[in-house]
Amino acid sequence: MFFTLLFPYFLGNFYRPFLAVVAGDLSRDLGLDSAGLASLQATFLLAFALTQVPVALSLDRFGPRRILILGLCAAVAGSVLLSAAGQPWHALTAMALLGAGFSPVMMAGFYVIGRVYAPERFATLSSLLFGLGTLGDPVSGAPLALAVGVFGWRVTMLGMAGITVLSLVLIAIVLRDPPRVEAPGGKISALAATRQIFAIRALWPIIPLAFVSYAVVAAVRGLWIAPYLAQVHHFGPYAVGLSATAMGLALALGGIFYAPMNRYLGDAKITVAAGIAVTVVAWLVLGQFGAGSDGLALGLLFVAAGFGASFAILLAHSRAFLPTHVLGQGVTMMNLLFFGGAGLGQWLSGRYVKAAEIAAVAPDLLYGRLFTAFGVVLAVALGIYLLSPRERSASPAQ
């Protein structure tokens, strides 16, 4: 069952940042500028985030199987449409379908892990799901660039639609829904469940970090690594693709590494805080000094991606305060914060880059300011997060 949940999550991680590699082809064929490309990526993430609301309302009520089947059908349609896109709005629609289609896959996996396995195993198994699934990210780097070079981006996207169909069939055959859990006193409405979740004060200091921690990594891996390395460090297309692959691999390995790190430290809050502190330093140093050295810039990008992959442990910290009957809705609402922040971050960073380009800001200064801003925002969110209660001393919320 774990592989059945891992497969679509792997594919979702492939689709999330693949625009960084095919950006030149899309710009040429569809007439897109940097802001248009940012809009495509933001459309994926915003559709992903917005559909977290119906996913949140459905997981506890209907179970993950039907939701995953419906979502993957939308993802197949999006990939086919993108392969045939002739106008920018075709691509926007395709990215919306892809974002909405893959929106349930991670939360369905976390939901099944949270329901089937003991609570103390949630952090480890969810970290493995996150880390192994994130290996789809580096596949969208150099391997994708190679496939596009051989077959063209349209045929490659059509091939990915076929692979997504295989994942859909596997879900339909293998996955079964866990038994439903009723709220104390009987069924409650989705609105009442939402009120219960937002009334959990322990979650409040976690929310800002959830909103920005993934956003800064997603913005660079999904959009800005290619123009940064090309314009500031003068990397060629192959070197850019290889670097994007390496950054995605660092993100995946970081997700896997967080599981033993959390077991060693024995506290989700300490694990997340330590990792994010390293990430803050990496962004700030990259922003101030990265332009001066190719090796330093690449090393800091990999460090920021690896130590920034605290998603699953941060979610495990949140899960400790969620009662079982709203587990699906609760973890999905946290996921909405992660990817809503990522979508907004990419949209805002795209507007900043376009304005800076119009103002003829030098690329080293443009991206230096952007990475420094990422570090500052993340530091503020970390400061708020330090006010949250520790997982081990908290009692389940009711």
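Student: With which residue does Asp 267 form a salt bridge?

Tutor: This is a predicted model, in which local features need pLDDT of at least 70 and side-chain atom pairs count only at pLDDT 80 or more, while totals for chains, interfaces and linings use all residues. Residues are numbered from 1 along each chain as its sequence is written, and side-chain values use heavy atoms, with hydrogens and water left out. A salt bridge requires a side-chain nitrogen of Lys or Arg within 4 Å of a carboxyl oxygen of Asp or Glu. For Asp 267 the closest N and O atoms are 2.7 Å apart, and the partner is Arg 390.

Student: How many residues apart in sequence are the parts that Asp 267 and Arg 390 tie together?

Tutor: Helices are DSSP runs (H or I, at least four residues), numbered from the N terminus. Asp 267 lies in the loop between α13 (237-265) and α14 (268-289), whereas Arg 390 lies in the segment after α18, so the pair ties together parts whose separation in sequence is 123 residues.

Student: Is Asp 267 buried or exposed?

Tutor: Buried means under 20% relative accessible area, exposed over 50% and partly exposed in between, with a 1.4 Å probe and protein chains only. At a relative accessible area of 0%, Asp 267 is buried.

Student: Which residues are linked with Arg 28 in a network of salt bridges?

Tutor: Asp 25 pairs with Arg 28, their closest N and O atoms being 3.2 Å apart, and a second salt bridge joins Arg 28 to the side chain of Asp 29 at 3.1 Å, N to O. The residues linked with Arg 28 are therefore Asp 25 and Asp 29.

Key: Helices (H or I, at least four residues) and strands (E, at least two) are DSSP runs, numbered from the N terminus.
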